[in-house]
Amino acid sequence: MAAKILIVEDEEKIARFLELELQHEGYGVDKAIDGRTGLEKAKSGHYDLMLLDVMLPGLNGLEVLRRLRSDSELPVILLTARDSVMDKVSGLDMGANDYITKPFSIEELLARIRAVFRMEAKAAGQKPPEALSCGALTLDPARHTVRYGTEPVNLTFKEFLLLQTLMESAGIVLSRDVLMEKVWGYDYMGETNVVDVYIRYLRQKIDDAFGVKLIHTVRGVGYVLKDKEQ
Ligand code: CA
């Protein structure tokens, strides 16, 4: 299941931008535009993480955080508009997991979100999953990195998930339906050729980029990731 993120942000443009970027990375997203609604939603237990703007109308972000922490451990990343040391210190004191100062790059925010999820998994005693490999290709689920030899391969969240699914079953043919279900979920409503589209992206970034052939099409069945020896 994709992690669900709640965005509490009154600036519509920023909220919309975050929503699109996070959805693109495969997260489930919901939004609230004021502190009171945000607090109510955050307490519902439906989310895995909250991005909380500090400067909000009505109930400000720090107050939302203070009230939330009386009965919830929901991970929170604060979005601080001004470079205010005070906001950061009190935010962390009040139990924010991390903060990021506006304006920020989406890549930095995504990295911080992954770091918070990693720490949560660690705190819950979950062992980090082991790195997967196929030929010179390696994928580290815990660090969310992919390399071919020593070269980093930059993938989007869905590309990563698709590659991870293929690597976990390296040498085994997976049907489009299985890949669709594992990567996009049962309730996916978009294009039905999405698997083929993403396989094409992976081929460009791996097979084409490194002059190898790891991703194979099995006509009428699906796809398989394998090295020469497999
Ligand atoms: Ca604001």
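Okay, quick definition to begin: two strands count as paired if DSSP finds at least two bridges between them. Keep that in mind, and remember that this is a predicted model.

So, the sheet. Three strands make up an open sheet, ordered E10-E12-E11, with antiparallel pairing. On the edges we have E10, residues 174-175, and E11, residues 215-218, and each of those pairs on one side only. How many bridges join E11 to E12? Four, with E12 covering residues 222-225 and the two strands running antiparallel. If you want a spot to look at there, find histidine 216: across from it, in E12, stands valine 224.

Now, what packs on this sheet? Helix H8, residues 194-210, does, and it touches E11 and E12. The direction of H8 makes about 145° with that of E11. Then there's helix H6, residues 157-168, lying across E10 and E12 and running at about 75° to E12.

Okay, over to a helix pair, H1 and H5. In general, you describe two packed helices by the angle between their axes and the distance between the axes. Here H1 is residues 12-24 and H5 is residues 106-123; their axes come within 11 Å and cross at roughly 60°.

Who's making the contact? From H1 it's Phe17, Leu18, Glu21 and Leu22, and from H5 it's Ile106, Leu109, Leu110 and Ile113. By type, the contact residues split into seven nonpolar, one charged and no polar.

Note on methods:
Residues are numbered from 1 along each chain as its sequence is written. This is a predicted model: local features need pLDDT of at least 70, side-chain atom pairs count only at pLDDT 80 or more; totals for chains, interfaces and linings use all residues. Side-chain values use heavy atoms; hydrogens and water are left out. Axes are lines fitted to C-alpha atoms, for helices over the stretch in contact, and angles run from 0 to 180 degrees between N-to-C directions. Contact means heavy atoms within 4.5 Å. Ala, Val, Leu, Ile, Met, Phe, Trp, Tyr, Cys and Pro count as nonpolar, Asp, Glu, Lys and Arg as charged, and the others, Gly among them, as polar.
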